[in-house]
Amino acid sequence: MLCSLEKIWKYFNGEPLLRDINFTINEGERIGLVGRNGCGKTTLLSIITGNLGYDPSPENDGRMSFSGNCRIGYLEQGVGLSAECSVSEEMRKPFAELDREHERMAELENALSGSLSDSEREKAEAEYSSISTHFENNEGYLIDVKIKTVLNGMGFSGLDLSRSVNFLSGGERTRLSLAKLLLESPSLLILDEPTNHLDLDTMTWLEDYLLDYKGAIFVVSHNRYFLDKVCTRICEIEDGRLKSYSGNYSFYVKQKREDNLRQEKLYEAEQEKIKELQFFIDKNRVSATSAKAAKSKQHMLDRIADRIVEIRDGKAYEYKGNYDDYLKARELEKAEEEKAAVPSPAPAEKKQYRTKSQRAEDVRKKQELADLEKSIANLEKEIADTEELICTPEIAADYQKMTELCQSLDDRKNELSELMDRWVEIQE
(Lines give C-alpha, C1' and ligand atoms only; values in the text may rest on other atoms or scores of the structure.)
Protein backbone atom coordinates (compact mmCIF):
# COMPACT_ATOMS: atom_id res chain seq x y z
CA MET A 1 0.00 0.00 0.00
CA LEU A 2 1.34 3.43 -0.98
CA CYS A 3 -1.62 5.63 -0.10
CA SER A 4 -4.86 5.03 1.80
CA LEU A 5 -7.89 7.31 2.24
CA GLU A 6 -10.60 6.47 4.74
CA LYS A 7 -13.89 8.38 5.19
CA ILE A 8 -12.60 11.50 3.42
CA TRP A 9 -15.06 14.38 2.91
CA LYS A 10 -14.68 17.79 1.27
CA TYR A 11 -17.17 20.65 1.50
CA PHE A 12 -17.50 23.77 -0.62
CA ASN A 13 -19.97 26.50 0.36
CA GLY A 14 -21.47 24.16 2.93
CA GLU A 15 -22.21 21.42 0.38
CA PRO A 16 -20.25 18.14 0.16
CA LEU A 17 -18.27 17.78 -3.06
CA LEU A 18 -16.65 14.52 -1.93
CA ARG A 19 -18.51 12.10 0.35
CA ASP A 20 -17.06 9.23 2.37
CA ILE A 21 -14.14 8.53 0.01
CA ASN A 22 -12.48 5.19 0.80
CA PHE A 23 -9.61 4.49 -1.55
CA THR A 24 -6.25 2.72 -1.63
CA ILE A 25 -3.39 2.96 -4.14
CA ASN A 26 -1.08 -0.04 -4.17
CA GLU A 27 2.46 -0.31 -5.52
CA GLY A 28 2.60 -0.77 -9.29
CA GLU A 29 -1.08 0.02 -9.92
CA ARG A 30 -2.09 2.17 -12.89
CA ILE A 31 -5.38 3.86 -11.99
CA GLY A 32 -7.54 6.18 -14.10
CA LEU A 33 -9.87 8.68 -12.40
CA VAL A 34 -12.99 9.69 -14.36
CA GLY A 35 -16.18 11.64 -13.79
CA ARG A 36 -18.10 14.61 -15.06
CA ASN A 37 -16.53 18.08 -15.05
CA GLY A 38 -16.77 19.61 -11.59
CA CYS A 39 -17.31 16.27 -9.81
CA GLY A 40 -14.15 16.68 -7.69
CA LYS A 41 -11.39 14.85 -9.61
CA THR A 42 -8.78 17.62 -9.32
CA THR A 43 -9.90 18.27 -5.74
CA LEU A 44 -9.15 14.65 -4.86
CA LEU A 45 -5.72 14.88 -6.51
CA SER A 46 -5.00 18.06 -4.53
CA ILE A 47 -5.98 16.34 -1.27
CA ILE A 48 -3.69 13.37 -1.96
CA THR A 49 -0.76 15.65 -2.86
CA GLY A 50 -1.32 17.76 0.27
CA ASN A 51 -2.12 20.93 -1.67
CA LEU A 52 -5.62 20.93 -0.18
CA GLY A 53 -6.89 19.72 3.17
CA TYR A 54 -9.85 17.43 3.67
CA ASP A 55 -12.79 17.89 6.05
CA PRO A 56 -13.86 15.63 8.92
CA SER A 57 -16.70 13.22 8.26
CA PRO A 58 -20.09 13.66 10.00
CA GLU A 59 -18.77 11.19 12.61
CA ASN A 60 -15.70 13.44 13.00
CA ASP A 61 -13.29 10.79 11.79
CA GLY A 62 -11.47 10.13 8.52
CA ARG A 63 -7.79 9.85 7.77
CA MET A 64 -5.20 9.69 5.02
CA SER A 65 -1.99 7.71 5.35
CA PHE A 66 1.09 6.97 3.24
CA SER A 67 3.72 4.27 3.34
CA GLY A 68 7.24 5.25 4.34
CA ASN A 69 8.57 4.79 0.79
CA CYS A 70 5.80 6.80 -0.91
CA ARG A 71 7.25 9.69 -2.89
CA ILE A 72 4.62 11.66 -4.83
CA GLY A 73 5.19 13.40 -8.15
CA TYR A 74 2.35 15.62 -9.41
CA LEU A 75 2.05 17.17 -12.86
CA GLU A 76 0.47 20.63 -12.64
CA GLN A 77 0.01 22.83 -15.69
CA GLY A 78 2.85 25.36 -16.01
CA VAL A 79 4.29 24.50 -12.56
CA GLY A 80 7.63 23.00 -11.64
CA LEU A 81 9.98 24.86 -13.98
CA SER A 82 12.29 27.81 -13.30
CA ALA A 83 12.07 30.44 -16.05
CA GLU A 84 15.72 31.48 -15.57
CA CYS A 85 17.05 27.94 -16.09
CA SER A 86 17.96 26.28 -19.37
CA VAL A 87 16.26 23.11 -20.59
CA SER A 88 19.39 21.11 -19.79
CA GLU A 89 19.58 22.51 -16.24
CA GLU A 90 15.94 21.65 -15.57
CA MET A 91 16.40 18.11 -16.83
CA ARG A 92 19.41 17.54 -14.54
CA LYS A 93 17.62 18.70 -11.38
CA PRO A 94 16.09 15.23 -10.69
CA PHE A 95 19.65 13.88 -10.63
CA ALA A 96 21.16 16.58 -8.37
CA GLU A 97 22.16 14.09 -5.67
CA LEU A 98 23.79 11.74 -8.19
CA ASP A 99 25.60 14.67 -9.82
CA ARG A 100 27.02 15.66 -6.41
CA GLU A 101 28.12 12.08 -5.86
CA HIS A 102 29.85 12.08 -9.25
CA GLU A 103 31.70 15.26 -8.36
CA ARG A 104 32.76 13.79 -5.04
CA MET A 105 33.97 10.63 -6.79
CA ALA A 106 36.14 12.78 -9.07
CA GLU A 107 37.59 14.59 -6.03
CA LEU A 108 38.37 11.29 -4.32
CA GLU A 109 39.99 9.90 -7.49
CA ASN A 110 42.29 12.94 -7.62
CA ALA A 111 43.10 12.56 -3.97
CA LEU A 112 43.86 8.85 -4.33
CA SER A 113 46.19 9.52 -7.24
CA GLY A 114 48.30 11.74 -4.98
CA SER A 115 50.29 11.05 -1.87
CA LEU A 116 48.19 10.07 1.14
CA SER A 117 48.99 8.45 4.42
CA ASP A 118 47.83 4.90 4.89
CA SER A 119 44.95 5.95 7.13
CA GLU A 120 43.90 8.76 4.77
CA ARG A 121 44.01 6.39 1.79
CA GLU A 122 41.98 3.75 3.61
CA LYS A 123 39.35 6.34 4.55
CA ALA A 124 39.18 7.77 0.99
CA GLU A 125 38.90 4.30 -0.57
CA ALA A 126 36.07 3.35 1.80
CA GLU A 127 34.16 6.55 0.99
CA TYR A 128 34.75 6.10 -2.75
CA SER A 129 33.53 2.49 -2.60
CA SER A 130 30.35 3.51 -0.76
CA ILE A 131 29.54 6.42 -3.08
CA SER A 132 30.35 4.58 -6.32
CA THR A 133 28.19 1.61 -5.30
CA HIS A 134 25.20 3.90 -4.66
CA PHE A 135 25.93 5.80 -7.89
CA GLU A 136 26.02 2.63 -9.98
CA ASN A 137 22.96 1.06 -8.30
CA ASN A 138 20.96 4.19 -9.17
CA GLU A 139 22.16 4.14 -12.79
CA GLY A 140 24.22 7.30 -12.42
CA TYR A 141 26.22 6.50 -15.55
CA LEU A 142 22.97 6.44 -17.56
CA ILE A 143 21.76 9.94 -16.63
CA ASP A 144 22.56 11.48 -20.01
CA VAL A 145 20.96 8.54 -21.83
CA LYS A 146 17.79 8.84 -19.72
CA ILE A 147 17.52 12.58 -20.33
CA LYS A 148 18.01 12.17 -24.08
CA THR A 149 15.48 9.30 -24.26
CA VAL A 150 12.76 11.21 -22.42
CA LEU A 151 13.35 14.51 -24.25
CA ASN A 152 13.26 12.77 -27.63
CA GLY A 153 10.11 10.90 -26.66
CA MET A 154 8.41 14.10 -25.49
CA GLY A 155 9.11 15.83 -28.79
CA PHE A 156 12.25 17.83 -27.95
CA SER A 157 14.72 15.99 -30.19
CA GLY A 158 15.65 19.09 -32.19
CA LEU A 159 15.60 21.56 -29.30
CA ASP A 160 18.72 23.48 -28.22
CA LEU A 161 19.14 22.29 -24.62
CA SER A 162 20.89 25.54 -23.66
CA ARG A 163 17.70 27.43 -24.51
CA SER A 164 16.04 29.24 -21.59
CA VAL A 165 12.76 27.83 -20.32
CA ASN A 166 11.42 31.39 -20.40
CA PHE A 167 11.39 31.30 -24.21
CA LEU A 168 9.32 28.11 -24.49
CA SER A 169 5.63 28.21 -25.37
CA GLY A 170 2.96 27.16 -22.89
CA GLY A 171 2.56 23.79 -24.57
CA GLU A 172 6.33 23.20 -24.59
CA ARG A 173 6.56 24.04 -20.89
CA THR A 174 3.80 21.57 -20.09
CA ARG A 175 5.59 18.82 -22.03
CA LEU A 176 8.91 19.72 -20.40
CA SER A 177 7.31 19.60 -16.92
CA LEU A 178 6.04 16.11 -17.71
CA ALA A 179 9.47 15.06 -19.02
CA LYS A 180 11.12 16.30 -15.81
CA LEU A 181 8.54 14.47 -13.68
CA LEU A 182 9.18 11.20 -15.56
CA LEU A 183 12.89 11.57 -14.90
CA GLU A 184 12.22 12.06 -11.17
CA SER A 185 10.57 8.58 -11.13
CA PRO A 186 8.35 9.08 -8.05
CA SER A 187 6.85 5.99 -6.45
CA LEU A 188 3.39 7.55 -7.00
CA LEU A 189 3.05 9.45 -10.27
CA ILE A 190 -0.07 11.68 -10.35
CA LEU A 191 -1.05 13.14 -13.73
CA ASP A 192 -3.86 15.57 -14.53
CA GLU A 193 -4.71 15.51 -18.26
CA PRO A 194 -1.18 14.49 -19.37
CA THR A 195 -2.13 14.12 -23.05
CA ASN A 196 -2.81 17.86 -23.45
CA HIS A 197 -0.44 19.43 -26.01
CA LEU A 198 0.80 16.01 -27.19
CA ASP A 199 0.80 14.96 -30.83
CA LEU A 200 0.16 11.37 -31.92
CA ASP A 201 3.80 10.23 -31.83
CA THR A 202 4.44 11.76 -28.41
CA MET A 203 1.23 10.29 -26.98
CA THR A 204 2.17 6.82 -28.28
CA TRP A 205 5.65 7.13 -26.73
CA LEU A 206 4.16 8.24 -23.39
CA GLU A 207 1.72 5.31 -23.34
CA ASP A 208 4.56 2.83 -23.91
CA TYR A 209 6.74 4.55 -21.30
CA LEU A 210 4.00 4.40 -18.65
CA LEU A 211 3.34 0.72 -19.39
CA ASP A 212 6.92 0.01 -18.26
CA TYR A 213 6.85 2.50 -15.38
CA LYS A 214 7.92 0.82 -12.12
CA GLY A 215 5.92 3.03 -9.75
CA ALA A 216 2.18 3.50 -9.30
CA ILE A 217 0.23 5.85 -11.59
CA PHE A 218 -2.92 7.83 -10.77
CA VAL A 219 -4.16 9.74 -13.80
CA VAL A 220 -7.08 11.98 -14.80
CA SER A 221 -7.74 12.00 -18.55
CA HIS A 222 -10.66 12.40 -20.94
CA ASN A 223 -8.75 10.37 -23.56
CA ARG A 224 -10.50 7.00 -23.57
CA TYR A 225 -7.88 5.30 -25.74
CA PHE A 226 -5.10 6.46 -23.41
CA LEU A 227 -6.95 5.11 -20.34
CA ASP A 228 -7.70 1.88 -22.19
CA LYS A 229 -4.05 1.22 -22.96
CA VAL A 230 -2.41 2.44 -19.74
CA CYS A 231 -4.80 1.75 -16.84
CA THR A 232 -5.56 -1.47 -15.01
CA ARG A 233 -8.22 0.07 -12.75
CA ILE A 234 -10.77 2.85 -13.24
CA CYS A 235 -12.23 4.90 -10.39
CA GLU A 236 -15.29 7.06 -10.98
CA ILE A 237 -16.54 9.96 -8.89
CA GLU A 238 -20.31 10.33 -9.14
CA ASP A 239 -22.52 12.33 -6.78
CA GLY A 240 -19.48 12.86 -4.58
CA ARG A 241 -18.79 9.15 -4.07
CA LEU A 242 -15.95 7.07 -5.52
CA LYS A 243 -16.46 3.62 -7.01
CA SER A 244 -13.67 1.38 -8.30
CA TYR A 245 -13.77 -0.93 -11.33
CA SER A 246 -11.04 -3.48 -12.03
CA GLY A 247 -9.92 -3.34 -15.66
CA ASN A 248 -9.39 -0.66 -18.29
CA TYR A 249 -11.80 2.02 -19.49
CA SER A 250 -13.71 -0.25 -21.88
CA PHE A 251 -14.38 -2.72 -19.06
CA TYR A 252 -15.50 0.15 -16.82
CA VAL A 253 -18.04 1.35 -19.41
CA LYS A 254 -19.40 -2.18 -19.84
CA GLN A 255 -19.53 -2.88 -16.10
CA LYS A 256 -21.18 0.45 -15.30
CA ARG A 257 -23.86 -0.15 -17.94
CA GLU A 258 -24.56 -3.58 -16.45
CA ASP A 259 -24.65 -2.14 -12.92
CA ASN A 260 -27.15 0.54 -13.98
CA LEU A 261 -29.39 -2.03 -15.67
CA ARG A 262 -29.24 -4.28 -12.62
CA GLN A 263 -30.00 -1.37 -10.31
CA GLU A 264 -32.97 -0.33 -12.44
CA LYS A 265 -34.37 -3.87 -12.40
CA LEU A 266 -33.97 -4.11 -8.63
CA TYR A 267 -35.63 -0.73 -8.24
CA GLU A 268 -38.55 -1.71 -10.47
CA ALA A 269 -39.01 -5.01 -8.61
CA GLU A 270 -38.88 -3.26 -5.26
CA GLN A 271 -41.39 -0.64 -6.35
CA GLU A 272 -43.75 -3.34 -7.61
CA LYS A 273 -43.49 -5.12 -4.27
CA ILE A 274 -44.19 -1.88 -2.41
CA LYS A 275 -47.25 -1.18 -4.54
CA GLU A 276 -48.62 -4.70 -3.90
CA LEU A 277 -48.15 -4.36 -0.16
CA GLN A 278 -49.62 -0.86 -0.08
CA PHE A 279 -52.65 -2.02 -2.09
CA PHE A 280 -53.26 -4.90 0.34
CA ILE A 281 -52.88 -2.60 3.37
CA ASP A 282 -55.25 0.06 2.00
CA LYS A 283 -57.83 -2.59 1.09
CA ASN A 284 -57.78 -4.53 4.35
CA ARG A 285 -56.83 -1.96 6.98
CA VAL A 286 -60.45 -1.27 8.05
CA SER A 287 -61.66 -4.86 7.75
CA ALA A 288 -62.08 -6.59 11.12
CA THR A 289 -61.21 -9.97 9.69
CA SER A 290 -58.07 -8.89 7.83
CA ALA A 291 -56.80 -5.95 9.90
CA LYS A 292 -54.20 -8.15 11.59
CA ALA A 293 -52.88 -9.31 8.20
CA ALA A 294 -52.83 -5.70 7.01
CA LYS A 295 -50.79 -4.70 10.08
CA SER A 296 -48.34 -7.52 9.35
CA LYS A 297 -48.02 -6.34 5.77
CA GLN A 298 -47.44 -2.79 7.05
CA HIS A 299 -44.50 -4.01 9.16
CA MET A 300 -43.16 -5.81 6.08
CA LEU A 301 -43.55 -2.65 4.00
CA ASP A 302 -41.77 -0.57 6.63
CA ARG A 303 -38.83 -3.01 6.60
CA ILE A 304 -38.62 -2.93 2.80
CA ALA A 305 -39.09 0.78 2.54
CA ASP A 306 -36.66 2.00 5.17
CA ARG A 307 -35.12 3.71 2.15
CA ILE A 308 -36.40 4.54 -1.33
CA VAL A 309 -34.11 4.63 -4.34
CA GLU A 310 -35.40 6.53 -7.37
CA ILE A 311 -33.76 6.41 -10.81
CA ARG A 312 -33.92 9.78 -12.59
CA ASP A 313 -31.95 10.66 -15.72
CA GLY A 314 -29.80 7.53 -15.30
CA LYS A 315 -28.84 8.44 -11.71
CA ALA A 316 -29.87 6.81 -8.43
CA TYR A 317 -31.28 9.12 -5.72
CA GLU A 318 -31.66 7.63 -2.24
CA TYR A 319 -34.27 8.76 0.32
CA LYS A 320 -34.35 7.52 3.90
CA GLY A 321 -37.70 6.43 5.35
CA ASN A 322 -40.81 4.77 3.95
CA TYR A 323 -42.79 5.58 0.83
CA ASP A 324 -44.73 8.40 2.49
CA ASP A 325 -41.47 9.96 3.69
CA TYR A 326 -40.15 9.73 0.12
CA LEU A 327 -43.23 11.52 -1.29
CA LYS A 328 -42.90 14.30 1.29
CA ALA A 329 -39.18 14.68 0.51
CA ARG A 330 -39.86 14.91 -3.23
CA GLU A 331 -42.52 17.58 -2.64
CA LEU A 332 -40.05 19.61 -0.60
CA GLU A 333 -37.40 19.21 -3.31
CA LYS A 334 -39.79 20.37 -6.01
CA ALA A 335 -40.81 23.36 -3.91
CA GLU A 336 -37.15 24.30 -3.39
CA GLU A 337 -36.45 23.90 -7.12
CA GLU A 338 -39.40 26.12 -8.01
CA LYS A 339 -38.31 28.66 -5.42
CA ALA A 340 -34.75 28.66 -6.76
CA ALA A 341 -36.06 29.15 -10.30
CA VAL A 342 -37.73 32.46 -9.32
CA PRO A 343 -35.12 35.21 -9.50
CA SER A 344 -34.80 37.39 -6.40
CA PRO A 345 -35.68 41.06 -6.95
CA ALA A 346 -32.60 43.15 -7.39
CA PRO A 347 -32.05 45.79 -4.69
CA ALA A 348 -32.80 49.33 -5.71
CA GLU A 349 -29.71 51.19 -6.71
CA LYS A 350 -29.08 54.87 -6.40
CA LYS A 351 -29.01 56.42 -9.84
CA GLN A 352 -25.63 57.78 -10.78
CA TYR A 353 -24.74 60.12 -13.60
CA ARG A 354 -22.65 58.53 -16.36
CA THR A 355 -20.53 60.57 -18.74
CA LYS A 356 -20.87 60.13 -22.49
CA SER A 357 -17.61 58.16 -22.71
CA GLN A 358 -18.71 55.95 -19.79
CA ARG A 359 -22.03 55.24 -21.48
CA ALA A 360 -20.22 54.38 -24.70
CA GLU A 361 -17.93 52.02 -22.79
CA ASP A 362 -20.99 50.40 -21.16
CA VAL A 363 -22.50 49.81 -24.59
CA ARG A 364 -19.23 48.33 -25.86
CA LYS A 365 -18.91 46.00 -22.85
CA LYS A 366 -22.54 44.95 -23.17
CA GLN A 367 -21.99 44.05 -26.82
CA GLU A 368 -18.74 42.20 -26.03
CA LEU A 369 -20.49 40.28 -23.27
CA ALA A 370 -23.26 39.29 -25.65
CA ASP A 371 -20.72 38.14 -28.24
CA LEU A 372 -18.75 36.25 -25.59
CA GLU A 373 -21.84 34.50 -24.25
CA LYS A 374 -22.80 33.45 -27.76
CA SER A 375 -19.27 32.12 -28.43
CA ILE A 376 -19.21 30.34 -25.04
CA ALA A 377 -22.55 28.67 -25.75
CA ASN A 378 -21.34 27.51 -29.16
CA LEU A 379 -18.06 26.18 -27.71
CA GLU A 380 -19.85 24.35 -24.89
CA LYS A 381 -22.08 22.65 -27.47
CA GLU A 382 -19.05 21.70 -29.60
CA ILE A 383 -17.28 20.27 -26.53
CA ALA A 384 -20.35 18.29 -25.47
CA ASP A 385 -20.84 16.94 -29.01
CA THR A 386 -17.15 15.98 -29.27
CA GLU A 387 -17.14 14.24 -25.86
CA GLU A 388 -20.22 12.28 -26.89
CA LEU A 389 -18.62 11.36 -30.22
CA ILE A 390 -15.42 10.17 -28.50
CA CYS A 391 -17.42 7.63 -26.49
CA THR A 392 -18.89 5.94 -29.57
CA PRO A 393 -17.52 2.47 -30.46
CA GLU A 394 -16.63 3.58 -34.00
CA ILE A 395 -14.29 6.32 -32.77
CA ALA A 396 -12.87 4.18 -29.98
CA ALA A 397 -11.77 1.66 -32.60
CA ASP A 398 -10.07 4.32 -34.75
CA TYR A 399 -6.86 5.42 -33.00
CA GLN A 400 -6.05 8.19 -35.51
CA LYS A 401 -9.52 9.69 -35.34
CA MET A 402 -9.61 9.38 -31.55
CA THR A 403 -6.33 11.29 -31.25
CA GLU A 404 -7.49 14.03 -33.60
CA LEU A 405 -10.75 14.45 -31.69
CA CYS A 406 -8.94 14.51 -28.33
CA GLN A 407 -6.57 17.21 -29.60
CA SER A 408 -9.53 19.18 -30.96
CA LEU A 409 -11.25 18.80 -27.59
CA ASP A 410 -8.16 20.13 -25.78
CA ASP A 411 -8.05 23.15 -28.09
CA ARG A 412 -11.75 23.88 -27.60
CA LYS A 413 -11.44 23.61 -23.80
CA ASN A 414 -8.45 25.96 -23.77
CA GLU A 415 -10.35 28.42 -25.96
CA LEU A 416 -13.39 28.15 -23.67
CA SER A 417 -11.22 28.82 -20.61
CA GLU A 418 -9.83 31.98 -22.23
CA LEU A 419 -13.33 33.20 -23.13
CA MET A 420 -14.58 32.52 -19.61
CA ASP A 421 -11.64 34.45 -18.14
CA ARG A 422 -12.44 37.38 -20.40
CA TRP A 423 -16.14 37.17 -19.48
CA VAL A 424 -15.30 37.34 -15.76
CA GLU A 425 -12.86 40.21 -16.37
CA ILE A 426 -15.56 42.28 -18.11
CA GLN A 427 -18.15 41.49 -15.45
CA GLU A 428 -15.85 42.76 -12.75
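Contact here means heavy atoms within 4.5 Å. Helices are DSSP runs (H or I) of at least four residues, numbered from the N terminus. The model is predicted: local features need pLDDT of at least 70, side-chain atom pairs count only at pLDDT 80 or more, and totals for chains, interfaces and linings use all residues. Residues are numbered from 1 along each chain as its sequence is written, and side-chain values use heavy atoms, without hydrogens and water.

**Helices**

| Helix | Residues |
|---|---|
| H5 | 143-153 |
| H7 | 200-211 |
| H12 | 356-390 |

H5 and H7 pack at about 135°, with axes 9 Å apart. Axes are lines fitted to C-alpha atoms over the stretch in contact, and angles run from 0 to 180 degrees between N-to-C directions. From H5, Thr149, Val150 and Gly153 meet Thr202, Trp205 and Tyr209 of H7. Three of the contact residues are nonpolar, three polar and no charged; Gly counts as polar.

H12 has 35 residues. Its first and last C-alpha lie 51 Å apart, close to the 51 Å expected at 1.5 Å a residue (1.5 Å times one less than the number of residues). Buried residues in H12 include Leu369, Leu372 and Ile376 (buried: under 20% relative accessible area, 1.4 Å probe, protein chains only).

**Aromatic rings**

The structure holds six aromatic pairs (ring centres within 6.5 Å). Phe135 and Tyr141 pair edge-to-face, at 4.8 Å centre to centre and 85° between the planes (edge-to-face: over 60 degrees). Phe135 counts as buried, at 1% relative accessibility. Tyr245, Tyr249 and Tyr252 form one aromatic cluster.

Methods: Helix = DSSP H or I, 4+ residues; strand = E, 2+ residues; numbered from the N terminus. Buried < 20%, exposed > 50% of the residue type's maximum accessible area, 1.4 Å probe, protein only. Phe/Tyr/Trp six-rings, centres within 6.5 Å; stacked < 30°, edge-to-face > 60°.
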